[in-house]
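Q: I am new to this structure and would like to learn how to read it. Could you walk me through it step by step?

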Amino acid sequence: MSDDIILYELAAADDTRFSPFCWRTRWGLRHKNLSFKSVHIGFPDIGELGGMNRTVPAIRVGDTFVEDSWNIAEFLDEKFPDRPALLGCPLGKGTTRFVECFTDKVIHPTMLRLVSRDVFDRMDPYDRPYFRHTRETMLGCSLEEAQATRDQTVLAFRKAIHPIRLTLYKQPWLSGQAPGHADYIVMAAFQWGRLATDFKVLDDEDPIAHWFQRGLDLHDGFGRKVHPDDGGPGFAGTGLWKETMR
């Protein structure tokens, strides 16, 4: 059954997987040791997948189609209960939902200001008009204006994420003694920054940076295998969504 999993996700012009939401699911699939095939879909084409939420990541398992990284995590835990849990018990699941909200409302909006212009440069020309229009609407300014203030923005950002440091002072992972979906949610945000820009989002000696590097090493360095040429799981049969529909 696991061999039938198709993951629809965004990619840069060079086919590097960069989306933070998609990386939540990539790590989730690897956490459960599930094989999958990655299919690249362009921003303007997401709605044509047929899902109600019109979003990626999305996975197809046989006749079942699931979109949104949280829904996918729940589905994987329910579908494959014999494999390592992503969300754990109901209390752990509730705490992970808080981590998701903190990431979506505190980390991502600021990260968008820090990296969006560089993401634009790395994108396929087909995706650029959609990306610029939607992201400038989110930012309330041009991509260039957002980038111009990032030296100041990053200082405020490093202070805002201090609760992550406080947690990591007390335990090795955000999920506790072992990594779980809460870790993958936040790791995916920093993976976005790592792949999108050369701008230093975190100081090298920041405890969050050390935790993130440990996260990249998980599952045989899966987080470092971001491109089909890297030989990571998930890229076998990689292709464009439009090509797979022919």
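Q: Which residues of the largest nonpolar core touch the most other members?
A: Happy to start there. The model is a predicted one, and its largest nonpolar core has 74 residues. Those that touch the most other members are Ile 59, Leu 76, Ile 107, Ile 164, Phe 190 and Trp 211. Helix H8 (residues 181–196) gives this core its largest share, 10 residues.

Q: What does Ile 59 touch, not counting residues up to four places away in sequence?
A: Its contacts include Ile 5, Ile 6 and Leu 7, and also Thr 25, Phe 65 and Leu 76.

Q: Ile 5, Ile 6 and Leu 7 are in that list. Which way do the residues of S1 point?
A: Here is the general idea: side chains in a regular strand alternate between the two faces of the sheet. In this case, Ile 5, Leu 7 and Glu 9 point one way from S1, while Ile 6 and Tyr 8 point the other way.

Q: Are the residues of S1 buried or exposed?
A: S1 spans residues 5–9, and five of its five residues are buried, so a residue here has under 20% relative accessible area.

Q: Which strands pair with S1, and in what sense?
A: Take S3 (residues 58–61) to begin with: S1 and S3 pair in the antiparallel sense over four bridges, and Ile 5 has Val 61 as its bridge partner. S2 (residues 37–40) runs parallel to S1, and four bridges join them.

Q: How does the chain cross from S1 to S2?
A: The path goes through helix H1 (residues 20–31), making a right-handed β-α-β crossover.

Technical notes: Residues numbered from 1 in each chain as written. Predicted model: local features only at pLDDT ≥ 70, side-chain atom pairs only at ≥ 80, totals over all residues. Heavy atoms only, no water. Buried < 20%, exposed > 50% of the residue type's maximum accessible area, 1.4 Å probe, protein only. Helix = DSSP H or I, 4+ residues; strand = E, 2+ residues; numbered from the N terminus. Pairing = 2+ DSSP bridges. Right-handed = clockwise from strand over helix to strand, strands pointing away. Core = buried A, V, L, I, M, F, W, Y, C linked by side-chain atoms within 4.5 Å. Contact = heavy atoms within 4.5 Å.
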